[in-house]
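Welcome! Here is a short briefing on how some parts of this protein chain are held against one another. Keep the structure open as you read.

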Amino acid sequence: MTTLARQVRAAILQIQPYVAGLSDDTVRQQFGGQAVVKLNSNENAVGPSRLAIEAILSELEQIHHYPDPSSDLLRQAIAEFHGVQRDQVLVGNGSDEVIRLISETFLSEGDEVLVPAPTFSQYQAGAFLMGATVRRIPLSQDFQYDVDAFLSAVTNRTKLLYLCSPNNPTGTVVSQHALSRLLAQLPSHVFVVLDFAYNDYARDETRAVLTPQLVEGGRVIALQTFSKLYGLAGLRVGYAVASAAIWDYVHRIREPFNVNRLAQRAAAAALMDDQHRTLSRLLCERGMDMYGRLADVGYVVIPSQANFVSVRTGDGERTYQQLLQEGILVRKGFAGMEEYVRITMGLEEENEQCILALLRLSTVSS
Ligand SMILES: *Cc1c(COP(=O)(O)O)cnc(C)c1O
């Protein structure tokens, strides 16, 4: 072990860096200006709300001033949107930051965190950062949540239980019924973090949703983001709704200016843009219908409630490379999902291009 490795905190040695989907800058460099279809990061193909852009433009001259450290106007807008109190809302530099803050607030070495498998990697990253132990609870065969499996994995060291609904990368949701049963049977020392990053795309009427009642009991933290439906991924704004008592602790360690000026303004404006929300959902729904065609040639398409779909091609890495040859970027490499690629809903012509490529590949390989 090098001197450096010995001096670094032991928990850091175990952590693998996050592998993001290629950024647009990287893509431009690699493809030398050639048109690329970017379906790898679940971004909103509609783009940002016009109201958000206008809010940023009118705020630009003010960027020599620090932002409001408590993001009051944005938190107020979010609180009114969900029918909760402002002090029940925490905003962060993306929900990634919120996940980290929750981890830093709750977790010590040896504590246990339950996460679904497969799922978004940031939950376990937060746990590893704090030296906590991660227990992965497999989804059922058809990628549904198994409440009993979560319940039986709880020990007296369990502090946090994560659910992602719709789940990334499967697009499956946790039902209101399953959530109620989980909360009713879960010991009081376990806090539930529900990540609703894609829930505004979902149409399943039985799914769990963010309501004032959900967080009333003080044990549920509901995460949301402006990165997906709202099309503001590049600004980095996420939020969470929970009891004010939880946030009292989190605010002690939060960076004072964690959400920048432009992001605060743009997010508040985007929240008011019903038209943009409706259009974004519509585009996603139409795209999802188009992907039905893949099932006709034998691909397994996991029914998804999000703005992405996971498709079983047999070899996700190979499909990823084959699509890349055609300038189509998708996502691969979720643990346990090696046979799949995850594809974001794009504009109609982008979806068409990706689907045609997959249809061609299916005839080549059969
Ligand atoms: C994209 C995503 C987020 C959003 O992260 P931000 O940091 O807000 O951009 C949160 N949770 C899941 C499951 C996601 O896929």
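A salt bridge is a side-chain nitrogen of Lys or Arg within 4 Å of a carboxyl oxygen of Asp or Glu. The model is predicted, so local features need pLDDT of at least 70 and side-chain atom pairs count only at pLDDT 80 or more, while totals for chains, interfaces and linings use all residues. Residues are numbered from 1 along each chain as its sequence is written, and side-chain values use heavy atoms, with hydrogens and water left out.

**Salt bridges**

- By the rule above, the count comes to 15 salt bridges.
- One of them joins Asp-111 to Arg-157, with the closest N and O atoms 2.9 Å apart.
- Asp-111 sits in the loop between helix H6 (95–106) and strand S3 (112–117), and Arg-157 in the loop between helix H8 (147–153) and strand S5 (158–164), so this pair ties together parts that are 46 residues apart in sequence.
- The names H and S follow DSSP runs, numbered from the N terminus: helices are H or I with at least four residues, and strands are E with at least two.
- Asp-111 is buried, at 4% relative accessible area, whereas Arg-157 is partly exposed at 38%. (Buried means under 20%, exposed over 50%, and partly exposed in between, using a 1.4 Å probe and protein chains only.)
- Glu-326 and Arg-360 form another salt bridge, their closest N and O atoms being 2.6 Å apart.
- Glu-326 lies in the loop between H15 and S11 and Arg-360 in helix H16 (residues 348–365), so the pair links parts that are 34 residues apart in sequence.
- Glu-326 is partly exposed at 32%, and Arg-360 is partly exposed at 44%.

**Two helices packing**

- Helix H5 (residues 72–82) packs with helix H12 (residues 261–271) at an angle of about 20°, and their axes are 9 Å apart. (Axes are lines fitted to C-alpha atoms, for helices over the stretch in contact, and angles run from 0 to 180 degrees between N-to-C directions.)
- That makes H5 roughly parallel to H12, a label for angles under 35 degrees.
- In this contact (heavy atoms within 4.5 Å), Leu-73, Leu-74, Ala-77, Ile-78 and Phe-81 of H5 meet Gln-264, Arg-265, Ala-267, Ala-268 and Leu-271 of H12.
- By class, the contact has eight nonpolar, one polar and one charged residues. (Ala, Val, Leu, Ile, Met, Phe, Trp, Tyr, Cys and Pro count as nonpolar, Asp, Glu, Lys and Arg as charged, and the others, Gly among them, as polar.)

Notes. Angles under 35 degrees count as roughly parallel, over 145 as roughly antiparallel, 65 to 115 as roughly perpendicular and the rest as oblique.
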